[in-house]
Amino acid sequence: MITVDEARARLFELVSPLPAEEVPLERAAGRVLARDVTARRDQPPFAASAMDGYAVKADEVQLHAMFKVIGEAAAGHRFHGTVGPGQAVRIFTGAPMPEGADFVVIQEDVTRKGELITITGDPSANANVRPQGGDFREGSTFAAPRVLSAADIALLAAMNIAAVPVVRRPVVALISTGDELVMPGEEPGPDQIIASNSFGLKALIAEHGAEARMLPIARDSEESIRMAFAMAEGADLVVTIGGASVGDHDLVGKVAGDLGMERSFYKVLMRPGKPLMAGRMGEAAMLGLPGNPVSAMVCGWVFLIPMLRAMQGLGALAPQLRDAVLAEDIAANGPREHYMRARIDRGRITVFPNQDSAMLGVLARSNALVVRPPKDPARRAGDSVRYLPI
Ligand code: AMP
Ligand code: MG
């Protein structure tokens, strides 16, 4: 059996970054920028007023100073004249600063009578002017790779970039296996349960910029599993769920092998998730997840997401762990790396007493997986542990 790190390293060997495609900006959120892009203009494109008020010369600004209002500048409508000594232009936020003016006295500090204004409030030292290019300059670089956030999209829009090069979404075929499984909404027979893993994994995959194709549930027969693999044709990554242990009905490894899968590894020194399998099947990578619902999801965070990130050009990296302080004692760990369902609240983390890998309720209450190295000794409340946020 190999370690989690070794397994992840081998998984990264099975995938490579996908090509780029151009998408309109309004469909780019959550996608990975494939190449650097550059701003197509200065922002602001001119010195602009940051406030509603009066544009004047800075060296004339003092309490009780008076000015004659000679015009108006609004957003989208500049004032075409020049501000001379003793003159002011009524100005609104976002308007270009008029020629000759370099200070905006906010309207709250001004008393106006007809065309005359007097500064009646103590003017601030701040000129209330946004300099040209103060946000970004034409030609400035927005660097790839990067998952585009809402803020990034706003910035790219301001840079006048209407379409962006992003990495093609990885296509993941999801195959649940098992005679006992029915889809949510169906009427299960007396010995059946609902297929939950494919749904949880689909959500996880979508959260990480990839597209999951949920295939029909494969039954525990070679024929049915072979058919599912055939339907997965065209996917970048084929993920099977269940059927990968050593039971009589665990046929995924056999069928994948018959279909030419070059196995990279089978079984990882971890808990939950030991019967993990991976390899290469033609053009696609293949990841065989254990069937137990928590195991499948944990393998999703520990292995599948890093693969999807690598496929999107974000690097071949382990998920980043954080530190937290234990709220309660925990017992010594066994020989496998253990991903314990836990809840972190204001820096203190509590490991749930029930770590059964079939308990989805516990998983849903968790927001962290405490990562215990093999043979980690018992830990006391107050000790620091590492965890993976989920
Ligand atoms: P297996 O690896 O096929 O032996 O499955 C291990 C356990 O996980 C069994 O209790 C299965 O019923 C359960 N299981 C397998 N696949 C799924 C699935 N897609 N959704 C929910 N439970 C599953
Ligand atoms: Mg099964």
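The largest pocket is lined by 23 residues, and E180, N197, G242, G291 and N292 lie nearest its centre. A pocket here is an open set of points on a 1 Å grid over the protein atoms alone, where a 1.4 Å probe fits, with protein on both sides within 12 Å along at least five of seven lines; lining residues have an atom within 4 Å of a point.

This is a predicted model, in which local features need pLDDT of at least 70 and side-chain atom pairs count only at pLDDT 80 or more, while totals for chains, interfaces and linings use all residues. Residues are numbered from 1 along each chain as its sequence is written, ligands are numbered from 1 in the order in which they are written, and side-chain values use heavy atoms, without hydrogens and water.

Let me turn to ligand 1. Around ligand 1 there are 17 residues, of which S176, E180, S196, G243 and G291 come nearest; a residue counts as near if one of its heavy atoms lies within 4 Å. An N or O atom in the E180 side chain is 2.5 Å from an oxygen atom of ligand 1. A polar backbone atom of N197 is 3.3 Å from a ligand 1 nitrogen atom, and one of N292 is 3.2 Å from a ligand 1 oxygen atom.

Finally, the rings. R78 lies over the face of F46, 5.8 Å from the ring centre, and R365 over that of F352, at 6.0 Å. The criterion is CZ of Arg within 6 Å of the ring centre and within 35 degrees of the ring normal.

Note on methods:
A polar contact is a pair of N or O atoms within 3.5 Å; within protein, one must be able to donate a hydrogen and the other to accept it, and residues adjacent in sequence count only if both atoms are side-chain atoms.
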